[in-house]
Amino acid sequence: MCRVSRRPFDHAKRFSGNGNDSRDDTNREDAMAGTRVGFIGVGLMGHGMAKNILAKGFPLAVMGHRNRAPVDDLVSRGATEVKTPAEMAAQCNVIVLCVTGAPQVNEVLNGENGILKGAKAGLHIIDTSTSEPTLTMALAAELAKDGIFLCDAPLGGTPIQAEEGALSAMVGAEDAAFAVIEPVVAAFASRIVRVGAPGAGHTMKLLNNFLSLGYGAIYAEALAIAGKVGVTAEVFDSVIRGSRMDCGFYQTFMGYVLEGNVNAHRFTITNAHKDMRYVTNLATNTGASAFISATVKNLYAAAEGLGNGGKNVPQITDVLAQMNGLPTVLERKQGAG
């Protein structure tokens, strides 16, 4: 049920970042010529993305971060460091944002020393965050009046895939803007699906995350029901793993449930709640009937409200276990020991 189809969809133009796309090397080099890339958000995902941009030969500027290690590493590889988004915008014609969501994007753009303080016509901004599509569309329209192009390219994948340059990207951009940003996105994404105009990428990303977070909620509840009748997580897994219900997300989720590996799927419950708020906001703004998304959102909201926001999504299993008077993963392992 979770398996990814590799067939192109009629409504989406797909490109591959592995050198096998329709562009030849000469056209790619022409597209890269004169491109000066800036990167804001060199954290868990951003470091690998920025490293691969450098590896593809793009001049790169990065902004200082409270965690100096990734910044220092990138500078050692040839990047330059700037102090503010405005300084970056004055130097670069493409800026990649890898921040948490809409409030952070707004601050980077419109803050006291934000991008717009130094931006010039022709600047292309690639927002790889998971954000609210309606805000993205409105912001893109506003920036376009000044000749600045906002493209949304939210990501699928893990920090390991970011380091390998093997992320997937769902891109919302106008034709001309996409031609400019595609070589940059291809530096860190091996699978690029252009899904429409600005805002379409964020829409698809929210739907993608709704599916995964919904699965997480279902897995946790199913495991709780199983526990109430004496079916262990190991027995549960022996049935699901390898069946049609198996998938990559299931396997990383169960990496915590079975092994206690809290980093098997590194995405916090706080971020899950944020994304599900965005999903339900999208449904409200479009007038869509939305029953399941509201329930999933409320589960992650309750988990965060109970003090679990900094834990990772598979640990929602423990929240459901405690609600049902069952042992957590750690308690179960200690009992078995």
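Aspartate 275 lies in helix α13 (residues 269–286). Helices here are DSSP runs of H or I with at least four residues, strands are runs of E with at least two, and both are numbered from the N terminus. Aspartate 275 has a relative accessibility of 1%, so it counts as buried. Buried means under 20% relative accessible area, exposed means over 50%, and partly exposed falls in between, with a 1.4 Å probe and protein chains only. What does aspartate 275 touch, apart from residues up to four places away in sequence? Its partners are Thr130, Leu206, Asn209, Leu213 and Phe267. A contact means heavy atoms within 4.5 Å.

The model is predicted: local features need pLDDT of at least 70, side-chain atom pairs count only at pLDDT 80 or more, and totals for chains, interfaces and linings use all residues. Residues are numbered from 1 along each chain as its sequence is written, and side-chain values use heavy atoms, with hydrogens and water left out.

Now step back to the whole chain. The protein chain holds 16 helices and 10 strands. Of its 337 residues, 48% count as buried. Take the contacts between residues at least 6 apart in sequence: 67% of them join residues at least 24 apart.

Next come the strands. Strand β6 (residues 124–127) pairs with strand β7 (residues 149–152) in the parallel sense, over four bridges. Two strands pair if DSSP finds at least two bridges between them. Histidine 124 stands opposite phenylalanine 149 in β7. From β6 the chain crosses through helix α7 (residues 133–144) to β7, in a right-handed β-α-β crossover. Right-handed means that, with the strands pointing away from the viewer, the path from the first strand over the helix to the second runs clockwise.

Look further along the chain. Strands β9 (residues 167–172) and β10 (residues 189–196) run parallel and are joined by six bridges. Glycine 172 has glycine 196 in β10 as its bridge partner. Together with helix α9 (residues 175–188), β9 and β10 make a right-handed β-α-β unit.

Glutamate 174 sits in the loop between β9 and α9. Is glutamate 174 buried or partly exposed? Its relative accessible area is 48%, so it is partly exposed. Glutamate 174 and glycine 196 are 22 residues apart along the chain, yet their C-alpha atoms are separated by 7.6 Å. Leaving out residues up to four places away in sequence, glutamate 174 touches Arg194, Ala197 and Pro198.

Alanine 90 belongs to helix α4 (residues 85–91). With a relative accessible area of 44%, alanine 90 is partly exposed. Neighbours within four places aside, alanine 90 is in contact with Gly118 and Lys120. Alanine 90 and lysine 120 are 30 residues apart in sequence and 7.2 Å apart in space, C-alpha to C-alpha.

Finally, consider a helix pair. Two packed helices are described by the angle between their axes and the distance between the axes. Helix α2 (residues 46–55) packs with helix α3 (residues 68–76) at about 5 degrees, with the axes 10 Å apart. Axes are lines fitted to C-alpha atoms, for helices over the stretch in contact, and angles run from 0 to 180 degrees between N-to-C directions. The two helices, α2 and α3, are therefore roughly parallel to each other. Angles under 35 degrees count as roughly parallel, over 145 as roughly antiparallel, 65 to 115 as roughly perpendicular and the rest as oblique. In α2, His47, Ala50, Lys51 and Leu54 meet Pro70, Asp73 and Leu74 in α3.
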